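Please go through the fold below from the whole chain down to single residues. The report covers the sheet, the helices and a few loop positions.

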Amino acid sequence: MIQIDLHSHTRCSRDAFTSMNQLDGFFRRNPSFVLAITDHDEIKGAHEAKKLFDRNIIVGEEIKSSEGEIVGLFLKKFVEPGMTAEKTVEEIRRQDGLIMVPHPFKRTGNLDSPIRQEILFENTDFFDIVEVFNARNRTYGANEKARRFADANGKPVAVGSDAHAIYELGATFAMLKSWDGRKESLIAQLHTASLSCQSIHFIPRLITKVMREIKKMNS
Ligand SMILES: [Zn+2]
C-alpha cells in the first residue's frame, strides 16, 4: 500500500517549518509514504527533497496566480507567481505537469487565496485533480462542496494535509494499492482511491500559527 499526500510544505515556504532532517525521520517511519512538496511560490525545497528521498517525493509548487492559488505537480522548474490562471496552467502543461486545484471553496485564512469561483466553474478543464479534503480547511462545508464539484465534473480527487510543520504530516492521505511513479497511473487510481482525512487539530494549528508570526518578525 502507498499513502499519498499531494499538498505539503517545507521550510522553504515563507510560512512553513519542515526541514529535510525531519522529512528523513518521517520517511524512516513511513517508508511507503509519498509526499508532494508544494511550497508557496518556491520550488527549491521540493527539488532538494527529491534529491534526498527520490520516489517518496513529487516535485510541486503552490503558485499564487493573479486569480488564486493553483498547484502544479511533477514540475521540472519554478513557475512564476502572479500570472493569470490561464498562463499559469499553460506553463505547468508546457512542463508536462499536472494541475490540482487546492482547497477550492476555502474562505478563511489570510495567506490562502483559493481560485476565483468563475475560473473554477467556467474553466473546469484547467484542472486535472480536485483537492476534496484539505486538513487546514476550516470553512464550513468547503471540503464537502469540493467533493461534489469533483464528482459532478468527473475529476479525480486528492487529499492534502497542507502540512506546514512535521507534526501535521501523516494522517491525511489517499491510499493506492501500488504506484509506479507515473502521473498517468496516479490519475487513474485517484478516481477510486480510499481516503484518510483528518483535520489538523486546534493545538498544533495554534503552535504553527505562533511559529509563523515569529518567522515573519525575523524575516
Ligand atoms: Zn498549501
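Helices here are DSSP runs of H or I with at least four residues, strands are E runs of at least two, and both are numbered from the N terminus. On that basis the protein chain holds seven helices and nine strands. Its radius of gyration is 16 Å, close to the 17 Å that the globule rule gives for 219 residues, so the chain is as compact as a globular protein of that length. The model is predicted.

**Overall dimensions**

The C-alpha trace spans about 40 × 40 × 35 Å along its principal axes. Of the 219 residues in the chain, 44% are buried.

In what order do the nine strands form the open sheet? The order is β7-β6-β5-β4-β3-β2-β1-β8-β9, and the pairing is mixed. β7 (157-160) and β9 are the edge strands, each pairing on one side only. From one strand to the next, the twist averages 30 degrees.

Start with β4 and β5. β4 covers residues 68-73 and β5 covers residues 98-101; they pair in the antiparallel sense over three bridges. In this pair, Val 71 stands opposite Met 100 of β5. Helix α3 (residues 85-94) lies across β3, β4 and β5. Its direction is at about 5 degrees to β4.

β5 also pairs with β6 (residues 129-134), here in the parallel sense over two bridges. Val 101 stands opposite Val 130 in β6.

How many of the six residues of β6 are buried? Six of the six are, and the strand is mostly covered. β6 and β7 run parallel, joined by four bridges. Across this pairing, Val 130 stands opposite Val 157 in β7. From β6 the chain crosses through helix α5 (residues 142-152) to β7, and this β-α-β crossover is right-handed.

| Residue | Stands opposite |
|---|---|
| Val 71 | Met 100 in β5 |
| Val 101 | Val 130 in β6 |
| Val 130 | Val 157 in β7 |

**Two aspartates with positive phi**

Asp 41 sits in the loop between β2 (33-37) and α2 (44-53). Its phi is near 50 degrees, a positive value in a residue other than glycine. Asp 41 has 16 C-beta neighbours inside 10 Å, so Asp 41 counts as partly exposed.

Asp 54 lies in the loop between α2 and β3 (57-65). Phi of Asp 54 is near 40 degrees, again positive in a residue other than glycine. Asp 54 has 9 C-beta neighbours inside 10 Å, so Asp 54 counts as exposed.

Ile 200 is in the loop between β9 (194-196) and α7. Is Ile 200 buried or exposed? Ile 200 is buried, because 23 other C-beta atoms lie within 10 Å. Leaving out residues up to four places away in sequence, Ile 200 touches Ala 135, Arg 136, Glu 168 and Arg 205. Ile 200 and Asn 137 are 63 residues apart in sequence, yet their C-alpha atoms are 8.8 Å apart in space.

**Helix α7**

α7 covers residues 202-218. Why does its length agree with expectation? At 1.5 Å a residue, its 17 residues should span 24 Å, and the end C-alpha atoms are 24 Å apart, so the two values agree. The number of buried residues among the 17 of α7 is one, so the helix lies largely in the open. An α-helix has 3.6 residues a turn, so residues three or four places apart point the same way.

Methods. Residues are numbered from 1 along each chain as its sequence is written. This is a predicted model: local features need pLDDT of at least 70, side-chain atom pairs count only at pLDDT 80 or more; totals for chains, interfaces and linings use all residues. The expected span of a helix is 1.5 Å times one less than its number of residues. A residue is buried if 20 or more other C-beta atoms lie within 10 Å of its own, exposed if 12 or fewer, and partly exposed in between; C-beta atoms are placed from the backbone. The radius of gyration is taken over C-alpha atoms; the globule rule is 2.2 Å times the number of residues to the power 0.38. Two strands pair if DSSP finds at least two bridges between them. Two residues are in contact if their C-beta atoms, placed from the backbone, lie within 7 Å. Axes are lines fitted to C-alpha atoms, for helices over the stretch in contact, and angles run from 0 to 180 degrees between N-to-C directions. A crossover is right-handed if, with the strands pointing away from the viewer, the path from the first strand over the helix to the second runs clockwise.
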